[in-house]
Amino acid sequence: MSDDEAHEVPITGELDLHTFRPSEIGDLLPEYFAECRKNGIFSVRVIHGKGTGTLREGVHRILERLPEVEAVQYPAGAGSGSWGATWVRLKAQE
């Protein structure tokens, strides 16, 4: 996929980052969470995969800085992707 092609991402309670480069998640996560909040979605499972942990670490660094993030649960739990995913609880729109 070239840099000019945009990813079409449905707004649901799940964001799979397998098709994204680590350099893309800094803009993607806050934009995706803003759309979730607009649509009344406040619990999002972010799938970053297990791999080397680089993507997970990047996701967690971003989550720490976002004021709309109320809570983070990592690992996501056995039925939700274990250490390959993180649950994010978003604050309600003010």
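Mentor: Start with Glu24, which counts as partly exposed because its relative accessibility is 22%, and buried would require under 20%. Keep in mind that this is a predicted model. The side chain of Glu24 meets that of Arg21 in a salt bridge, with N and O 3.4 Å apart. Arg21 is partly exposed too, at a relative accessible area of 36%.

This pair is one of five salt bridges counted in the model. Another joins Glu14 and Arg45, whose closest N and O atoms are 2.2 Å apart. Here the partners come from distant parts of the chain: Glu14 belongs to strand E1 (residues 14–16) and Arg45 to strand E2, 31 residues apart. Their surroundings can be compared with the cut-offs. Glu14, with 37% relative accessibility, is partly exposed. Arg45 has 18%, so it counts as buried, the limit for that class being under 20%.

A further salt bridge, between Lys38 and Glu35, has an N to O distance of 3.2 Å. Both residues sit in helix H1, three residues apart, or about one turn of the helix. Lys38 is exposed, with a relative accessible area of 58%, while Glu35, at 30%, is partly exposed.

Now for the rest of the chain around these pairs. The protein chain has two helices and four strands, and from the N terminus the elements follow the order β-α-β-α-β-β. The radius of gyration is 13 Å, close to the 12 Å that the globule rule gives for 94 residues, so the chain is as compact as a globular protein of that length. Of those 94 residues, 37% count as buried. Among contacts between residues at least 6 apart in sequence, 59% join residues at least 24 apart.

The largest nonpolar core has 20 residues, and Leu17, Phe33, Val44 and Val46 have the most contacts inside it. Helix H1 (25–38), strand E2 (43–47), helix H2 (54–65) and strand E4 each give at least two residues to this core. H1 supplies the largest share, six residues. Leu17 touches, among others, Ile25 and Leu28, and also Val46 and Leu55, leaving aside residues up to four places away in sequence. In soluble globular proteins, nonpolar side chains tend to be buried together.

Tyr74 is placed in the loop between strand E3 (69–73) and strand E4 (85–90), and its relative accessible area of 31% makes it partly exposed. That loop also contains Pro75, and the peptide bond from Tyr74 to Pro75 is cis, with omega near -5 degrees. Ser82 is in the loop between E3 and E4 as well; its phi is near 50 degrees, a positive value in a residue other than glycine. Most residues other than glycine have a negative phi, and most peptide bonds are trans. Ser82 is partly exposed, at 24% relative accessibility.

Terms used. Residues numbered from 1 in each chain as written. Predicted model: local features only at pLDDT ≥ 70, side-chain atom pairs only at ≥ 80, totals over all residues. Heavy atoms only, no water. Buried < 20%, exposed > 50% of the residue type's maximum accessible area, 1.4 Å probe, protein only. Core = buried A, V, L, I, M, F, W, Y, C linked by side-chain atoms within 4.5 Å. Contact = heavy atoms within 4.5 Å. Rg over C-alpha atoms; globule rule 2.2 N^0.38 Å. Salt bridge = Lys/Arg side-chain N within 4 Å of Asp/Glu carboxyl O.
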